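Please read the points below alongside the sequence and the coordinates.

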Amino acid sequence: MNDAVAALRAGELVILPTDTVYGLCAFAYRSEPAERLYQLKQRDPLQPTALVANDLDLLLECVPELRGRAAVVARTLLPGPYTLILPNPARRFRWITGSNPDAIGVRVPELPPAAATVVAAVGCVVATSANLPGEPDPRRVDEIPPELREHVAALVDAGELPGTPSTVLDFSGPEPLVVRDGAAPAADALERVALALA
């Protein structure tokens, strides 16, 4: 775990288990580690990637504009297996917002203990599933492509994970949109948010 913390702080990439699948992670506070992540994963720079925090308070510190409606949405669903796309009026973390800097994807997963320790030590990380484009999401370390495993500085193994990626919900516009129904039913999440905002 200390290796993973040191690697992230040094700008290197690591693979961490999440509450859904194994994730390829980089230090979030500088653009260079994120650029390295995009390059290794062969990810289109116009595609956004999620900002992942160990707890909600840290997330709200990193993106202090998440107030009002956005904060209610975040407090209702996080921590949990969701990626929330929220307004980003200050255009923070431009290197992970892809083609729309006015919105940012955020996660506060219920991380396995070892991964929670790493993320808590470094603050926020940038994370995307540890696979190559079009390939299945890895639920075990042996399902992570060697092209990724061989180019990371540390890997934390938490055994088999659920294997279904997070549910992605877009709250950046006037009406919520379901981008991907994943590890938790989107309809339930939207209902909980509607009640919280009522």
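Predicted model: local features only at pLDDT ≥ 70, side-chain atom pairs only at ≥ 80, totals over all residues.

1. Residues are numbered from 1 along each chain as its sequence is written, and side-chain values use heavy atoms, with hydrogens and water left out.

2. An open sheet of nine strands has the order β7-β1-β2-β6-β3-β5-β4-β8-β9, with mixed pairing. Two strands pair if DSSP finds at least two bridges between them; helices (H or I, at least four residues) and strands (E, at least two) are DSSP runs, numbered from the N terminus. At the edges are β7 (154–155) and β9 (177–180), each pairing on one side only.

3. Strand β6 (residues 125–129) pairs antiparallel with β2 over five bridges and is joined to β3 (residues 50–52), also antiparallel, by three bridges. Opposite residues in β6 are A127 for C25, V126 for L51 and V125 for V52. Five of the five residues of β6 are buried (under 20% relative accessible area, 1.4 Å probe, protein chains only).

4. α2 touches β2 and β6, and its direction makes about 145 degrees with that of β2. α7 lies across β4, β8 (167–170) and β9, at about 40 degrees to β8. Axes are lines fitted to C-alpha atoms, for helices over the stretch in contact, and angles run from 0 to 180 degrees between N-to-C directions.

5. Beyond four places in sequence, the contacts of L51 (heavy atoms within 4.5 Å) include L59, F93, I104, V106 and V125.

6. The largest pocket has a volume of about 800 Å³, the space filled by probe spheres set on grid points joined across faces, edges and corners. A pocket is an open set of points on a 1 Å grid over the protein atoms alone, where a 1.4 Å probe fits, with protein on both sides within 12 Å along at least five of seven lines; lining residues have an atom within 4 Å of a point. Its lining has 40 residues, with R43, P48, T128, V168 and R180 nearest the centre. β5 gives the most, four residues.

Key:
Buried < 20%, exposed > 50% of the residue type's maximum accessible area, 1.4 Å probe, protein only.
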